[in-house]
Amino acid sequence: MNTKTLKSNGTLNTRLNGFSIDDIGDDHLSTGLETPMKKHAFAMSDTEKKERISLLFEEIMDVMGLDLTDDSLKGTPQRVAKMYIDEIFSGLDPKNKPKIALFDNKYNYNQMLVEKNITFYSNCEHHFVPIIGKAHVAYISSGKVIGLSKLNRIVQYYAKRPQVQERLTNQIANELKTVLNTEDVAVVIDAKHLCVSSRGVKDDTSSTVTAYYGGKFNANSKIVELQNYINS
Ligand SMILES: [Zn+2]
């Protein structure tokens with residue numbers, strides 16, 4: 001449960017499961033499958049959102065003491081606002097969800113199809129710094145097939161949100177299951193978190209692997225087969 005209390009000295013103290021932000025530190029907690037969004041998240045137009053973010057980001061820069069009249073800096077608030085809404089967080093808005101067309105499985109191909117090494121860029125929702133990774137997605141057709149580029153687009157859509165890797169993995173898997181009308185999907189993600197490598201513990205060599213195996217992919221032989229394709 002997420003609760004916000006205003007301390008007597010006026011600072012906002014956010015607590016999660018009884019732990020404060022300082023208690024949690026750099027540990028990444030995820031609260032559920034759905035990206036936590038407030039009600040009426042899309043009442044404001046994209047143009048209004050960009051105007052507000054621009055003003056707020058300008059204030060952050062100003063508080064840090066940066067000179068916003070400098071030629072190099074003065075356009076930054078608008079650039080950041082545009083980048084947030086149109087690019088790196090565009091996956092928050094359902095209107096940007098890829099439209100998926102399915103085709104009949106005319107070739108009667110009934111083995112797994114693996115789309116591997118899909119490069120994605122996301123951002124950690126706890127620090128707002130990049131997560132850079134590769135996603136491998138697989139499915140076994142239930143009679144319909146999907147355009148290969150759409151597998152990539154589904155990954156990119158969910159990556160373009162403030163994320164935690166576990167949720168990203170499950171959101172991609174869930175979308176594949178819904179679109180393809182089958183439980184037989186798998187998602188493996190191997191990613192580097194810049195909040196771990198560029199700051200905090202500054203570990204530049206570790207990466208994080210998460211996986212979702214649904215339906216037929218729960219069989220050991222299928223997992224081995226999938227891993228062989230990914231590693232080949
Ligand atoms: Zn982080």
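**Burial.** I began by looking up how much of the protein chain is buried: of its 232 residues, 22% count as buried. I keep in mind that this is a predicted model. For the cut-off, I note that a residue is buried if 20 or more other C-beta atoms lie within 10 Å of its own.

**Elements and contacts.** Next I checked the secondary structure, and the protein chain has seven helices and ten strands. I then turned to contacts between residues at least 6 apart in sequence, and found that 67% of them join residues at least 24 apart.

**Helix H2.** I followed H2 along residues 46-63, which makes 18 residues. From its first C-alpha to its last, H2 reaches 26 Å, close to the 26 Å expected at 1.5 Å a residue. Is H2 buried or in the open? The number of buried residues among its 18 is one, so H2 lies largely in the open. Just after H2, I spotted Gly 65 with a positive phi of about 95°.

**The five-stranded sheet.** I traced an open sheet in the order E8-E5-E6-E9-E10, and its pairing is mixed. Which strands are at the edges? They are E8 (162-163) and E10 (208-213), each of which pairs on one side only.

Inside this sheet I looked at E5 (residues 112-124) and E6 (residues 130-140), which pair in the antiparallel sense over ten bridges. Together E5 and E6 form a hairpin with five residues between them. In that turn, Phe 128 has a positive phi of about 55°. Along the pair, I found Ile 118 opposite Ala 135 in E6.

E5 also runs parallel to E8, and two bridges join them.

I then picked out H5 (residues 165-180), which lies across E5, E6, E8, E9 (185-193) and E10. H5 runs at about 155° to E9.

Which residues of the largest nonpolar core touch the most other members? Of its 28 residues, they are Val 137, Val 155, Ile 172, Leu 176, Val 185, Ala 186 and Val 187. I also noted that E5, E6, H4 (148-159), H5 and E9 each supply at least two residues of this core. As background, nonpolar side chains tend to be buried together in soluble globular proteins.

Last, I zoomed in on Leu 176. Leaving out residues up to four places away in sequence, Leu 176 touches Val 137, Tyr 139, Ile 154 and Val 185.

Technical notes. Residues numbered from 1 in each chain as written. Predicted model: local features only at pLDDT ≥ 70, side-chain atom pairs only at ≥ 80, totals over all residues. Helix = DSSP H or I, 4+ residues; strand = E, 2+ residues; numbered from the N terminus. Expected span 1.5 Å × (residues − 1). Buried ≥ 20, exposed ≤ 12 C-beta atoms within 10 Å, placed from the backbone. Contact = placed C-beta atoms within 7 Å. Pairing = 2+ DSSP bridges. Axes fitted to C-alpha atoms, helices over the stretch in contact; angles between N-to-C directions. Core = buried A, V, L, I, M, F, W, Y, C linked by C-beta atoms within 7 Å.
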